2 protein chains.
Amino acid sequence: MKERDGLIIVNTGNGKGKTTAALGLGMRAWGQGYKVLVLQFIKGNWKYGELQAAERMGADFVIRQMGEGFVRNVKGDALVDHKDAAEDALCNARIEMMSGKWDMIILDEINYAIKFGLVSVEAVLELLEAKPQSQHLVLTGRDARQEIIDKADLVTEMREIKHPYKKGIQAQKGIEF
Amino acid sequence: MKERDGLIIVNTGNGKGKTTAALGLGMRAWGQGYKVLVLQFIKGNWKYGELQAAERMGADFVIRQMGEGFVRNVKGDALVDHKDAAEDALCNARIEMMSGKWDMIILDEINYAIKFGLVSVEAVLELLEAKPQSQHLVLTGRDARQEIIDKADLVTEMREIKHPYKKGIQAQKGIEF
């Protein structure tokens, strides 16, 4: 890792650009020769396009799928599995943060994991406290908690103004996945 | 180019993620094996990080710097130069669109070029009309005109919620450039 002050960046809101902008940040950092790790708190959110791109970009841009899928209607034992997976992702984030290997870590959909009670906001705040000084952390997901926003340096809300599905257009290869 | 319906995507708003999310879209498309061209209407907006990333990504991800710099206080002959450069960029966009070489073309800061009168909104609307069916077009820049939004399939507004420069933190290598 290089010497500098790393930022805590949050991409939130109901629009499409949250994960996409995190990808762009990762690409820009990778272009600078930085090492970038994406930890995915919600399985299935990262699609073929970005997984293939990471593959082509080599060992300095790594995407790791950690959590389970979206949980809107999950209950009982299945919810316990989701929580276990999210807790594992959080531990993994801490280990990787402390390893000194990564210049930027993207915690994708961690806001979602907080919102649905898969991880506590306190645990995530502790993680932010433990951030090595020079490391950049990017947190994505809608409905970012105010406590997270308070800790962040740069917060952007992506607002959906117009969405093609509402016009009856199907998901597009290379755009959505 | 592959067979499908391409989208017109607009990233606008006062926040940081507009160009960054376009980069992410480009990376995802490139991961799918698509060919991506970035045409930059405002010189200097794309920095070392992304230029280096494109370099590392090879011939299927190309960034071309076309326009002059930002024009806020430019007047007289210098403004004529800026307009000439923006018109050149627009012609270049049309030629590349029609060439059939690219699956995605990113017209970076074209909204800005319209806002400052470097190109007319009518000329850009004509460009959108001429889009090959399967090609994705991404337009970035704040203050997107309503006529452009009306033509678009997917529009996202990036809103700045919190910005580090306001806290006195300097621009960060790998994040801002």
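**View 1. The contact between chain A and chain B in the predicted model.** In this predicted model, 50 residues of chain A are in contact with 50 residues of chain B. On the side of chain A that touches chain B, at least two residues each are supplied by α1 (17–31), α2 (48–57) and β6 (154–162) of chain A. Of the elements on this side, α1(A) gives the most, with twelve residues. Sorted by class, the side of chain A that touches chain B holds 22 nonpolar residues, together with 14 polar and 14 charged ones.

View 2. The same surface serves both copies, since 100% of the contact residues of chain A recur in chain B.

**View 3. Strand β6 of chain A beside strand β6 of chain B.** β6(A) pairs with strand β6 of chain B, which covers residues 154–162, in the antiparallel sense and over seven bridges. Within this pairing, A:M158 stands opposite B:M158 in β6(B), while the bridge partner of A:E160 in β6(B) is B:T156. Inside chain B, β6(B) also pairs with strand β1 of chain B, residues 8–12, this time in the parallel sense and over four bridges. In that pairing, B:I9 has B:L154 of β6(B) as its bridge partner.

**View 4. Helix α1 of chain A packed on helix α2 of chain B.** Two packed helices are described by the angle between their axes and by the distance between those axes. For α1(A) and helix α2 of chain B, residues 48–57, the angle is about 80° and the axes are 7 Å apart. Because angles of 65 to 115 degrees count as roughly perpendicular, α1(A) and α2(B) are described as roughly perpendicular to each other. On the α1(A) side, the contact is made by A:M27, A:R28, A:A29, A:W30 and A:G31, and these residues meet B:G49, B:E50, B:L51, B:Q52, B:A53 and B:R56 of α2(B). By class, the contact of α1(A) with α2(B) comprises five nonpolar, three polar and three charged residues.

**View 5. The fold of chain A.** Chain A contains six helices and six strands, and when the chain is read along its sequence these elements follow the pattern β-α-β-α-β-α-β-α-α-β-α-β. Of the 177 residues in chain A, 50% are buried. Among the contacts in chain A between residues at least 6 apart in sequence, 81% join residues that are at least 24 apart.

**View 6. Two loop residues with a positive phi.** A:E109, although it is not a glycine, has a positive phi of about 65°, and its place is in the loop between β4 (104–108) and α4 (110–115) of chain A. A residue is buried if 20 or more other C-beta atoms lie within 10 Å of its own, so A:E109, with 29 C-beta neighbours inside 10 Å, counts as buried. In chain B, B:D143 is likewise a residue other than glycine with a positive phi, near 55°, and B:D143 is placed in the loop between β5 (136–140) and α6 (146–151) of chain B. With 12 C-beta neighbours inside 10 Å, B:D143 counts as exposed, because a residue is exposed if there are 12 or fewer.

Conventions. Residues numbered from 1 in each chain as written. Chains lettered and ligands numbered in written order. Predicted model: local features only at pLDDT ≥ 70, side-chain atom pairs only at ≥ 80, totals over all residues. Contact = placed C-beta atoms within 7 Å. Nonpolar A, V, L, I, M, F, W, Y, C, P; charged D, E, K, R; others polar. Pairing = 2+ DSSP bridges. Axes fitted to C-alpha atoms, helices over the stretch in contact; angles between N-to-C directions. Parallel < 35°, antiparallel > 145°, perpendicular 65-115°, else oblique.
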